[in-house]
Amino acid sequence: MNLVNFSLMRHELLLVVAALLILIVEIFASSKSRKSISLFSIVLFAVITIVGFLPSPTGTLFGGMYEVNNTRLIMKNILNIGSLLVLIQSVTWLNKDENHDKISEYFILLVSTLIGMNFMISAGHFLMFYLGLELATIPIAALAAYERYNNKSAEAGIKLILISSLSSGVLLYGLTMIYGTTGTLYFNEVAQLYGNENLQILGFIFFFSGMAFKISIVPFHLWTADVYEGAPVNITSYLSVISKGAAVFIFIIVLFTVFPLIIITWQKIIYVSAVLTMTIGNLFAIRQQNLKRFLAFSSISQAGYILVGLIGGNQIGMASVIYYILVYIFSNLAVFGVVAAISNAKGKENIDEYNGLYKTNPGLSLVMLLGLFSLGGIPPFAGFFGKFFLFTAAAQNGYYILVLIAVLNTIISLYYYLLVVKAMFINNNEAPIEKFRSDFPTRLALGICIAGIVITGFASIIFEVIKNMSFGV
Amino acid sequence: MNTGVPLIYFLILAAIMFFAGVYGFLTRRNLITILMSVELILNSVNINFVAYNRYLYPHKLEGFFFSLFVIAVAASEAAVAIAIIINIYRRFTTINVEDVDTMRY
Amino acid sequence: MIANQIMFFLFSAVIIVFSILTVTSRKILRAAAYLLFVLVASAGLYFMLNYQFLAAVQLTLYAGGIVVLIIFSILLTSQINQKFEPVEWKKALFSALASIAGAFVTIITILDFKFSATAEAAKEVNMRLVGNSLLSVGKNGYILPFEVISILLLAAMVAAIVIAKKAGPKNPDPQTTKQE
Amino acid sequence: MVTFTYTVWILLIPFLMFILLGLAGHKLKPKLSGLLGTSGLAVITALSYITAYLYFFQTEKIDGAFQKIIAYNATWLQLTDDLHIDIGVLIDPISVMMLIVITTVSFMVHIYSLGYMKGEKGFERYYAFLSLFSFSMLGLVLSTNIFEMYIFWELVGISSYLLIGFYYQKPSAVKASKKAFIVTRFADMGFLIGILILSFNTKTLDFITLTDPAGPAIAQGSGISFMGLSVMTWSMIFVYMGGVGKSAMFPFHIWLPDAMEGPTPVSALIHAATMVVAGVYLVARMFPIYALAAPAALDVVAYVGAFSSLFAAVIACTQTDIKRVLAYSTISQIGYMMLALGVSGYGGHEGLGYMASMFHLFTHAMFKALLFLGAGAIIHAVHSNYMNDMGGLRKYLPITHITFLIACLTISGIPPFSGFFSKDEILAAAFSHNKILFAIEYAVAGITAFYMFRLYFNIFWGEDTRYEHTPHEAPVTMTIPLIVLAIGAAVSGIIPFNKLVTSDSKAFESEIEWGIAVPSVLIGLLGIGIAYIFYGKKSSLPDRLAATFKYTYKWAYNKFYIDEIYLFITKKIIFRYISEPVAWFDRHIVDGTMNAIATVTQAVSFRIRGFQSGQLQKYVYVFISGAILLAVIFIYLWH
Amino acid sequence: MNILSLFVLIPVLTITGIVLIKDMRQVKIVASIGMGLQLLLSALLIFLYVSARHAGDTAEMLFIKDIVWFKSLNIHYAVGVDGISVAMIGLTSIVVFAGIFASWELEFLTKEFFISLILLATGVFGFFISIDLFTMFLFYELAVIPMYLLIGIWGSGPKEYSAMKLTLMLMGASALILVGILGIHFNSAPDGGQMSFNILEISRIKIPMKAQYIFFPLTFVGFGVLGALFPFHTWSPDGHSSAPTAVSMLHAGVLMKLGGYGAFRVAMFLMPEAAHELAWIFIILTTISVVYGAFSAIVQKDLKYINAYSSVSHCGLVLFAILMMNQTAMNGAIIQMISHGLMTALFFALIGMIYSRTHTRLINEMGGLMKVIPFLSVCYVIAGLASLGLPGFSGFVAEMTIFAGAFQHPDLFHRIMTIIAITSIVITAVYILRVIAILLLGPATNEHYEHLTDAKWYEKVSTITLISFIVFIGLAPFWLSSMIRGSLQPIISKILALNPF
């Protein structure tokens, strides 16, 4: 393995090294110095994130099993940034006494899921794709069940692992059909052979169902809310942002590179599921009280918008989806960061407990406001640009009705985002959540998120870079 | 490949097995039996892979290897799932899936 | 030829019957045993198709590993003699309908497809080939998945440990402590 | 050639005065404000007289006709490429005549008000409004184009509104002012539509072009027709609607009697002498079009005028509020003027009616202002508006009495007072044109004499009512205007209108037609005689008569229930049956729909929550059936 | 620095200044200085614009600044103004300036209030200077959202409901606009070539008719919602009634004008062919708006509701005039926007001031205010008179131009609609005078009101500013009208090509 190959695979390799390093540190760490494991891991991860941005060659390895191009690099880097933010946000939670004894495991599991995602994104073969998918899922289930003392956490874990194994079963079943009808599992070969035979469509649909589970597309979304609610906040944010983002990324890659020949079919499928996803997600979100659950449904509807961007199968679509994921990471993590901070400090997660928050915690309220506005697509925040580009992509192929449905749905989502805003800023409360000062990591992470929300939108360079590296069907 | 048994038989067999697994998943109350249903599903996938490989594309071994890895993944999945199930048992003192519904709507 | 056919029908009969029994049996340990039969019969099928290595893996890892794991967990969590209550008829009916519909659609679609076998000669599967392929870095080489699955297994191990780990010395949750 | 550019000051001075008094008035001493306003008006009165002199006697005539001089013109607003609203000053015979009328009366009223309004709260406000009114009215008559006229028309309306509602704490005044404005506004809408039709078809707003017999309005405008009438006829009828409103012709007359809630000098100025004749002026201004291109519209003018004059005269006989009597009398007299215009032709002796109308306008301004100011003096003395509270006042108020008598004689058409001359011309014109109208006007002349002397006798004769305070003559600021106007009313009959103000601006010969004049004087005398019998001494005759014609009397007394009809339309129809349903519709249907969308969304959200049951197996069930459904749909149904 | 970009920059700087300041009193001062600067700047802009035109600059838009923003989508930050936008900018800065003074007494969360208010203003300014559809849309949405907070936090009555309704309906409108914009964009190169968001570029090509038939109604209705087009106006009464004073002012005065302006600039300007074909539908709707709003206003009891419905009527007239598609009517529409903006702002300012004294907005509970608070009452009368279209005030100029223009259509349909619309001047008079009569005139009904104090200095600043502009336009409409007329030329020539009438 030469240096070029190393550089090609550096995301995965460095993460593996990181995981192992953390494991080693854990072994040698005394119980007092455990808290510094977080610091160590985060610094390590930050370094990896930066290294990820270094210029890199592109190409394929292992006879096409592994493939790197600029698009995939960007995707990985985006995931890295998001994960870094999640890690920073988790520090407060990890420092709690009850989680004290398994800090390093947290990092190892999280990093290994990221390894899985990276492999998944770099996959050139369905086997790598499958393994990456599993690697990205199984540890998360464990993380969801991380709080052993918490019933809800355990419930979230079991729901996630069982549904995910079923969905990977379904996905595999689809893969067998893909294999059976083409005789290969290499992406580039399948791409040339996959046509519109019934069995092939069936295979695609099974495959799609498995993927849709990861992205929480209706009707494969029902686990989302329960798992989000039960899992620890930071895991929820990881699930809703990184895990979903990675799934979307690989979904784009697969759709664009493996199934270009059946674009007519998958456009129809995506059309239907996009409409369903947005609408159902919104309809459920309206009536949520628990913020995590609320954000779960919000993220479902966001997935619907993402599908809208995908449907055209064009370059703009790909770029806008990647861009949107980036924006979504910042926005959602800003919101989750606040939820996590409050949940960790005061244990409150319900919307009506946020009543009058602005009076006592103006900073957090403002961050939340910005995050929600960005999610809702309000200018001048990045979410606005993201949504606009998504819809532009769909409109480019003439899906005006879909765009209209999507935009109307954003109104519903704006409605429930405003409900939270209303709780924080407008509703009166005799005893709002007391004033508290969040610790440095939280503030750092929130600061980065806000900067991201503001800058990502205005700085067109980011979108342009992504655009130049995207491709269409 | 001439075994005297057409490919289609294998496929139908796998399909039946797959949906038997699905049925199990949908109806069994015990979490462990649900896990067993999952194993059925994965096994049916393997049969499919193997059959396709052997009948249609015997010059390469993609299906063969895929099923090999599926088995490994299934094992690790089962391990984690069982760990969680045991944890559930600790928390809820039951592993009836219908009782694990504290979060809803 | 005919032996093959007989073998196939035998195995498939076992698989179908015991699959259904696995998902319907009201005694949990029996269900586990039925699952074992299914897995073994599948291994038989692999033998029949000349994939002996796979059959061996199936027997050791699947039948040997997973089923044992399952049985252990059964022993940990359930009373062996306990008989499940029968499934609610509504649930059973609808689930059966869904499954049968799914199977029907799938089978119809499969039957609809004209499979065409490749003209190239079949590869003899022996240990050498398997080993070479697993460690090859070129096309149709599986070293990378092989490595990745090792990470997966490691991660799964850590995951299982995290969940199963007893609460640490400073566990503040009195309930958990009391229970154990 | 005399330049008239200075005439813009006739407009500017009152405007500046209005601004000054309006913005700074409350900081000045009230008396100073009054004097300022009055002196401003003195200046423009002087300017007006100079203008009249220069125009009628120093300006050359072309083809024997007075020129129409545009003294000043500036584009104010460009509407279309052809149409633009100008603000300017047009000098022609009728505008100069109106200048005289307005400034004279207005000046008198200003002086009069110094005494009448003394000590009133808002004295400076009063003068500001008066200045505003003077400005608007002068602007109206000096307008060079119909849109400018419309602008000032509206301004006149608002000053009238403000002045009627001067006692803004008095609910009746507030109501009256509102009514006046809305009714006239409604009429103005017609005016506006008329302007739009007119301007669209002629591509001009300019009076000179419009009224030029060879101009586009008359030459081609009558061609296109709609519903049987030519476009010009339609537009003239609509324009006339504005005139009907402002001049309080039937059926828009209802605001005028109520407008008497304003201070009496205001009634004299606005609701007797100047503003209410704006409608007449308007028709006169557009007269060539009426006469040459829209004769049907002219007939409408005639009939409306005739009917109003009769109608109002009848009502006037029954009213007891002296200002109301005068108000109905005003309507009646304006009806005369309208009729005169309506029966007139264009050019030369044909245009007798036109000339008569203008003549009557002039004389009417004098005597009606005089009547109102006299009434003001009486009210000032008696503190009441009602005839029943008066009687025998001739002892206490000698000057008022004399001047009032002159005015009554003038309006009754008794020679040698001016009313005799102008009325005679009108009757002559009517006679030559339409006998029925002529007959009506004859009767009205008699009724007029009757109710005026009913008023006169009731106030100044009859028994001496016991007054709480002995009535005394008004201060000198009030009597001087009375005297001046009385002189004007008495002698203005000698002005040779046929030489000055004619339909085609050319002089023509006209003489008093004794055949018509003598009977009319007799009828007038008859009316006076009956009035004397009824009211000269205390008599039960009127009551008996009223009892005999109970219903007629009741109807007339209640103004033929026109007010009630209006009330019905506004309160019931517009308020109850249009506005409230509209508002209800808005709240419940339109708004309700929007709310319903939200409610339905919420309801759906509630209904489908069952999917999220927390049951893992149900989730998977949805998952699996979803996948199967997708397969069925996309493989077998929508492939 | 491009002068137009300053219009966005100054508010942003003002906001920054406010954020940095701790003392609540200084917040107001900073806000008023910032917006005062803005007012001066717009005066400067008007001056520069007019002198450039006099110097013979005949470009469609002046002061154009065009920076590529998102290159791949051909999105630019493009600003430029013609007479219409200059006029609208002038209006906005006046109203915002007055609005700052009208909210001088605000005590609760002062800082946040002014930040939101100025943010709203930023959106509006940005909207008017944009000539790129994307930036235009961006600023539009930017303007809508602060409304929610402003009404929700500082409002009164059912403020949460109203704020939500307003926001959602306006965002619903923006949904239509978004689709419309995208549709225009993707049809902006019918012969191939680069597709554009730039209004000027798009206006030079002809969007295919098929697309126009779809996207014209979408954009028109989208902007129409903001312009209170029947039956999408219902956000307006509730929103107005719950909003705090300055917000009502800005909202009715400026924000609703985004609707008219957008409908003109985007819907009509870019798709005149479809507009020409489909105008009749919307003419009917707007005519209904005009009359319906006026009739609804008659029976309202709450001052703000009266004004809100009056705004429906007046803004309906704006859209009505735009749809008439000739120079005069459109000119009138623009003047009407400005005029209505000023006078309705004045109205709302006064209502706010009266409310802060009497603590009620129900006209039946008040009476005879003229005697106790003469200054405010006189201002109210002036506003009322301006609203009912009295000459000398801006409303008259606007309405007359509209009616004269609308009547230029020789066919019966347009004329009948015009005549129906004209009836509104009477109905307007009815409700305006009714309010004046009940509220201000007559004897004082409530003895508590005897001790009310008249306007404070800041209130006077606010009202006098507005009144002076109303009167100014009313007395000397010529230059405003001619400034706008010239800018209408491009669209008119496009329309004339379709329909030589």
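## Before we start

Because this is a predicted model, local features need pLDDT of at least 70 and side-chain atom pairs count only at pLDDT 80 or more, while totals for chains, interfaces and linings use all residues; side-chain values use heavy atoms, with hydrogens and water left out. Residues are numbered from 1 along each chain as its sequence is written, and chains are lettered from A and ligands numbered from 1 in the order in which they are written.

## How the chains meet

Contact here means heavy atoms within 4.5 Å. There are 8 pairs of chains in contact, and chains B and C share the most contacts of these. Chain E does not touch chain B, the nearest C-alpha atoms of the two being 25 Å apart. Chain E does not touch chain C either, and here the nearest C-alpha atoms are 37 Å apart.

Helices (H or I, at least four residues) and strands (E, at least two) are DSSP runs, numbered from the N terminus. Two strands pair if DSSP finds at least two bridges between them. In chain E, strand β1 (residues 62–70) pairs with β2(E) in the antiparallel sense over 6 bridges, and E:Asp66 has E:Ala78 of β2(E) as its bridge partner. The hairpin has 4 residues between the strands, and E:Asn74 takes a positive phi near 60° in it.

A residue is buried under 20% relative accessible area, exposed over 50% and partly exposed in between (1.4 Å probe, protein chains only). Strand β2 (residues 75–81) of chain E is largely enclosed by the rest of the structure, because 7 of its 7 residues are buried. In a regular strand, side chains alternate between the two faces of the sheet. Both faces of β2(E) are covered, with E:Ile75, E:Tyr77, E:Val79 and E:Val81 buried on one side and E:His76, E:Ala78 and E:Gly80 buried on the other.

Chain D has a hairpin too, with 5 residues between β1(D) and β2(D). Its strand β1 (residues 69–78) runs antiparallel to β2(D), and 8 bridges join them. D:Leu77 stands opposite D:Ile85 in β2(D). Strand β2 (residues 84–91) of chain D has 6 of its 8 residues buried, so it is largely enclosed by the rest of the structure.

## Inside the helices of chain D

Let's look at one residue first. D:Thr330 lies in helix α15 (residues 322–342) of chain D, and D:Thr330 counts as buried because its relative accessibility is 0%. Leaving aside neighbours within four places in sequence, D:Thr330 is in contact with residues including D:Leu256, D:His271, D:His364 and D:Phe372.

Helix α22 (residues 514–536) of chain D has buried residues including D:Ile516, D:Ser520, D:Gly524, D:Ile528 and D:Phe534. The buried residues of α22(D) pack against α17 (398–411), α18 (418–433), α19 (435–460) and α23 (541–548) of chain D.

## Rings that meet

Rings of Phe, Tyr and Trp (its six-membered ring) pair if their centres lie within 6.5 Å; planes under 30 degrees apart count as stacked, over 60 as edge-to-face and the rest as tilted. The structure holds 135 aromatic pairs over all chains. One of them is the edge-to-face pair of A:Tyr305 and A:Phe391, at 6.5 Å centre to centre with 90° between the planes. This pair links distant parts of the chain, 86 residues apart: A:Tyr305 is in helix α13 (residues 291–310) of chain A and A:Phe391 in helix α17 (residues 382–396) of chain A. Both A:Tyr305 and A:Phe391 are buried.

E:Phe128 and E:Tyr261 also form an edge-to-face pair, at 4.9 Å centre to centre with 85° between the planes. E:Phe128 in helix α4 (residues 110–129) of chain E and E:Tyr261 in helix α10 (residues 245–270) of chain E are 133 residues apart.

## A cavity to explore

On a 1 Å grid over the protein atoms alone, a cavity is a set of points where a 1.4 Å probe fits but cannot get out, and lining residues have an atom within 4 Å of a point. Grid points are joined across faces, edges and corners, and a volume is the space filled by probe spheres set on the points. The structure holds 16 cavities of 30 Å³ or more, and about 160 Å³ of space lies in the largest cavity. Of the 15 residues lining the largest cavity, A:Gly377, A:Val407, A:Thr410, E:Glu141 and E:Leu178 lie nearest its centre.

Technical notes
1 Å grid on protein atoms, 1.4 Å probe; cavity = no way out; pocket = protein on both sides within 12 Å on 5 of 7 lines; lining within 4 Å.
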